[in-house]
Amino acid sequence: MEFRDYYKTLGVERGATQAEIKSAYRKLARKHHPDVNPNNKDAETRFKQINEAYQVLSDESKRKKYDELGADWERGTTEEEMRRRYGFGGAPSGGPGGGSAYHPGEAGGPGGGFSDFFEQFFGGLGGGFSGRAAGGRGPRGFTGYDVNEAPPRGRDIEAEVGISLRDAMGGTKMRIELNAEDGCTNCGGTGVVAREERRGKTRIVRAAEACPVCHGTGTVPARRSLEVTIPAGVVDGTRMRLKGQGGKGPRPELNGDLFLTVRLRPDRVFNVSGRDLRCDLPVWDYEAALGAEITVPTLDGRVSLKIPSGSQTGRVMRLRGRGLPGRGKEAGGDLLYELKVLAPTDMTDDERKLMQEFAERRQKRAVPDPRAELMRE
């Protein structure tokens, strides 16, 4: 019997996460699905191999024992020893020696489309791997495909929302539209459905096939509208978790979560640095020279700001606590104004005459040349 490398089948590393395994399975299932490849025996075979690999690697318990089995296989451990070590109760066909026999077409049997390797170690051969007993659940571990396993959660969704600085300051409520992938209700989000029959109280799984509704992906596209509350004090990149608002699972408690990233839209007046706000503040040359009290904008109204006499371009004036508010133990930001001194360009004749007189008086006082440092060799 040939060892089946399920990791190679799905094209993932042995240390792959469940999310990586599920993603690989979905891509391959879409590519090789019989509906996409009608009358293609190779695609059908490949599709069965993909499903078989996913049945084992998507279950942590089965995957753990599969990894242990693979290590023993590489060491050349005998099949009899592996049967003893991993809990087989007897002969592989369920004959004398214990265990329940399988019937052609049952779970893992020849009619199920799975390999001999799967049948031997996962498909209900021998007492320790008998799958389901009549009227109850079989043991966990190397059980065959169990349609009563716990259904998967709905998928988590990542989304972004843009808000203004004023909304970030005071918080807001808004409605957003989401493209989601809900769990398929036809297959319970597994991507496969079982063809089965009952014999009394015993359920016999004949085969596991790709779900005809979701085509083996386990999800179906969905569009929904949701009202969200953005708290005050968020900054660009704030990530919010809205529990249960992601993809729908088979039951409400199995819904995925929505992870919403907040983006701050560019503002006409203010730039953002963390929780601090910055503003380029134009002032006239005479205001900078003489000092002045001027009106300046903030996110929540106008305030007065005193400009000290002799101020130059680049000087920063700070209003503490007037930036974005803090959240939790994080302190709020400040509002910083950087002065940009402007010279008048539309003077009247009288104003120009006064400016000329001012310049002549400065020259008589022998005021140092502001460009002297530039000329020094």
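Is E330 buried, partly exposed or exposed? E330 is partly exposed, with a relative accessible area of 45%. Keep in mind that this is a predicted model. Its chain has 377 residues, of which 39% count as buried, and the fold holds 10 helices and 13 strands.

**The chain as a whole**
- Among contacts with a separation of 6 or more, 63% come from residues 24 or more positions apart.

**Salt bridges**
- The structure holds 18 salt bridges, and a few of them are described here.
- E330 pairs with R275 in a salt bridge, at 3.1 Å from N to O.
- R275 sits in the loop between β8 (271–273) and β9 (276–284) and E330 in the loop between β12 (316–319) and β13 (335–342), so this pair ties together parts that are 55 residues apart in sequence.
- R275 counts as buried, at 9% relative accessibility.
- D334 and R320 also meet through their side chains in a salt bridge, at 3.6 Å from N to O.
- Here D334 is buried at 12% relative accessibility, whereas R320 is exposed at 66%.
- D5 bridges to R14, with the closest N and O atoms 3.9 Å apart; D5 is partly exposed at 28%, and R14 is partly exposed at 41%.

**A charged surface patch**
- D346, D349, D350 and E351 form a negative surface patch.
- D350 belongs to helix α9 (residues 349–364) and counts as exposed, at 59% relative accessibility.

Key. Residues are numbered from 1 along each chain as its sequence is written. This is a predicted model: local features need pLDDT of at least 70, side-chain atom pairs count only at pLDDT 80 or more; totals for chains, interfaces and linings use all residues. Side-chain values use heavy atoms; hydrogens and water are left out. Patches are made of residues with over 30% relative accessible area and no salt bridge: like charges are joined within 9 Å, nonpolar side chains (Val, Leu, Ile, Met, Phe, Trp, Tyr) within 5 Å. Accessible areas come from the Shrake-Rupley method with a 1.4 Å probe; for residues, only the protein chains shown count as cover. A salt bridge is a side-chain nitrogen of Lys or Arg within 4 Å of a carboxyl oxygen of Asp or Glu. Lys and Arg count as positive and Asp and Glu as negative; His and the chain ends are not counted. The place of a charge is taken as NZ of Lys, CZ of Arg, CG of Asp or CD of Glu. Helices (H or I, at least four residues) and strands (E, at least two) are DSSP runs, numbered from the N terminus. Buried means under 20% relative accessible area, exposed over 50%, partly exposed in between (1.4 Å probe, protein chains only). Contact means heavy atoms within 4.5 Å.
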